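Here is a quick tour for anyone meeting this structure for the first time. Take a look at it, then read on.

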Amino acid sequence: MNAISDALIITKRQLLQLARVPELILFSIIQPIMFVLLFRYVFGGSIDTGQPGGYVQLLMPGIFVQTVAFTLAGTAVGLTADMQKGLISRFRSLPISRSAVVFGRTLGDGALNVVVLLAMGITGYVVGWRPTSGLLSVTLGFVFLLVFGFAMSWIGVLIGLSVREERVATNATFIAVFPLTFLSNAFAPTTGMPRPLQYIAEWNPVSTMVAGCRELFGLKNEFGATAGSFPSDNPLLMSVIYMILIMAVFIPLSVRKYNRVSK
Amino acid sequence: MKTIIAEDLHKSYNKGSVKALDGLNLDVEEGTVLGVLGPNGAGKTTTVRVLATLLMPDSGRATVAGIDVLKNPDEVRKIIGLSGQYAAVDETLTGWDNLIMFGRLYHLSAKQAKERAVELLEQFSLTDSAKRPIRTYSGGMRRRLDLAASLIVKPKVLFLDEPTTGLDPRGRQDMWGVINELVKGGVTLLLTTQYLEEADHLADEIAVIDHGRVIARGTSDTLKKQVGGERLEIVVENQHMAATREIVAKVSGGAINVDEGLRQISAPVTTGSKALIEAAKLLDEKGIHPLDIGLKRPSLDDVFLSLTGHVAEEKKDEDLASTGKKRGR
């Protein structure tokens with residue numbers, strides 16, 4: 001039980017930081033909202049989706065997934081900063097569970113995602129996003145997004161504990177996530193990509209997540225799936241498999257790394 | 001009883017090319033203060049990290065309060081406090097928030113954590129700043145809060161890794177006062193420092209380390225004796241340097257050190273004040289009026305110099321050691 005309560009103390013620390021410095025929340029929200037507005041109005045006019053409600057219906061799941069995928073950046077930078085300041089050493093010298101700090105951090109970043117997704121959802125609604133699937137499915141969609149963000153966060157733990165400087169953490173995570181979110185069906189149809197890229201895009205976890213969320217929000221996924229591949233036909237199942245895989249690999253690696261960090 | 005024991009600790013990085021610890025041995029008697037003294041890169045931080053369960057040595061043995069550090073790190077963590085050269089506290093949060101968080105992580109109840117936070121803030125004169133974020137604190141205040149956080153459960157054994165590095169003289173004095181109070185309370189303390197004066201001031205015993213091993217240990221007095229007794233030091237005007245050197249040679253018989261820049265001539269003497277009077281008399285006969293003349297007991301700087309053959313030089317190895325392989329690339 002101590003493992004859980006220790007982790008929650010670390011999570012609470014992060015929430016307390018948000019309370020002490022509200023700008024942290026503000027800027028976590030502004031960027032995704034800006035993305036919603038930019039994509040909605042810059043690309044929205046020129047991309048014909050052939051679906052009722054227009055581009056924004058397809059865009060929102062894409063931008064939700066992109067945002068939660070980037071959770072790993074926050075996790076990584078936060079941990080690198082803690083490590084630089086010697087906080088990780090202090091935590092490691094305490095009689096607490098060996099996984100408490102990293103679990104607490106990923107849970108805290110997950111909690112921040114709740115606020116971010118809510119803000120984005122409201123913004124989306126204002127600019128015309130209307131999920132049609134009913135409350136249960138929509139809620140399930142958001143749960144899906146939160147779990148994906150949590151899973152991605154663990155990749156961030158490993159990156160954050162492996163680099164020495166915050167700036168490196170920022171760049172490393174950007175390089176890791178940015179291609180992943182654009183080499184996908186999130187913003188444009190994969191059908192326009194060169195053939196090899198199409199395969200990558202179809203198997204990309206971001207694509208399966210986006211397709212899965214579109215399904216849960218009551219849309220047909222029109223932005224890919226031309227190849228009739230397994231991930232295109234079973235996006236939800238494939239996403240679940242990906243999330244389990246990511247966590248199965250990165251949680252043990254991250255906890256191990258935490259217990260061996262040299263600073 | 002020996003509260004801290006380290007036996008033959010080895011730790012190397014980069015496939016053995018950098019030896020952070022090279023057969024380090026030390027022990028600390030219960031309730032006493034051991035000052036681990038050495039330049040940057042000597043292995044001080046690595047030693048503390050091993051003893052505080054943060055780093056596994058390649059080989060060797062270590063116990064803290066009878067508990068095997070390598071086999072039972074969790075038990076060790078319950079009875080130690082660690083405060084490092086970086087103020088390892090959350091700067092976004094207030095002093096109060098930090099102490100509560102660490103109190104809860106030590107598994108105090110909410111009520112106990114609050115009571116302890118009040119006590120510690122009072123003890124370290126931080127009550128007035130308790131509700132301010134740490135980033136608004138001065139360096140000395142941060143360091144005090146960091147130390148307070150390591151004392152939440154009244155540890156039996158305390159590790160302070162360069163507790164005053166980077167502090168201004170006043171901050172350092174304050175910190176010394178605080179540490180002296182703690183020691184009166186009976187804690188066993190291992191403290192590292194690169195300030196010879198600090199070790200002299202705070203420690204019962206001093207272990208001088210260089211290149212990852214202890215090269216001398218003892219009280220500050222015994223170490224000073226090891227270097228030899230007192231030194232006669234005379235400062236004269238330039239034109240009298242040569243004549244003064246001859247006089248010092250007559251009085252001392254030991255190796256004479258001439259510092260042209262300081263216009264100082266010094267040499268070891270065994271007869272104390274007798275040598276001083278003799279030298280003064282001979283100078284007077286020659287009509288030389290020294291600008292300064294006196295006997296000086298060796299400083300720990302002298303100790304270091306005579307033990308290692310080099311002054312307490314800075315190396316980059318400590319950084320390397322503390323960040324591990326990454327920096328070596």
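Among contacts in chain B between residues at least 6 apart in sequence, 69% join residues at least 24 apart; two residues are in contact if their C-beta atoms, placed from the backbone, lie within 7 Å. Keep in mind that this is a predicted model, where local features need pLDDT of at least 70, side-chain atom pairs count only at pLDDT 80 or more, and totals for chains, interfaces and linings use all residues. Residues are numbered from 1 along each chain as its sequence is written, while chains are lettered from A and ligands numbered from 1 in the order in which they are written.

Of the 329 residues in chain B, 47% are buried (20 or more other C-beta atoms, placed from the backbone, within 10 Å of a residue's own). The C-alpha trace of chain B spans about 80 × 50 × 40 Å along its principal axes.

Chain B has 13 helices and 14 strands, which are DSSP runs numbered from the N terminus (helices: H or I, at least four residues; strands: E, at least two). Its two domains, with bounds from an automatic or database domain assignment, have C-alpha centres 43 Å apart:

| Domain of chain B | Residues |
|---|---|
| domain 1 | 2-224 |
| domain 2 | 230-296 |

Now for the meeting of the chains: 25 residues come from chain B and 21 residues from chain A. On the chain B side, α2 (73-79), β6 (80-83), α3 (95-105) and α12 (317-323) each supply at least two residues. Which helix gives the most to that side? That's α3(B), with 4 residues.

Key:
Buried ≥ 20, exposed ≤ 12 C-beta atoms within 10 Å, placed from the backbone.
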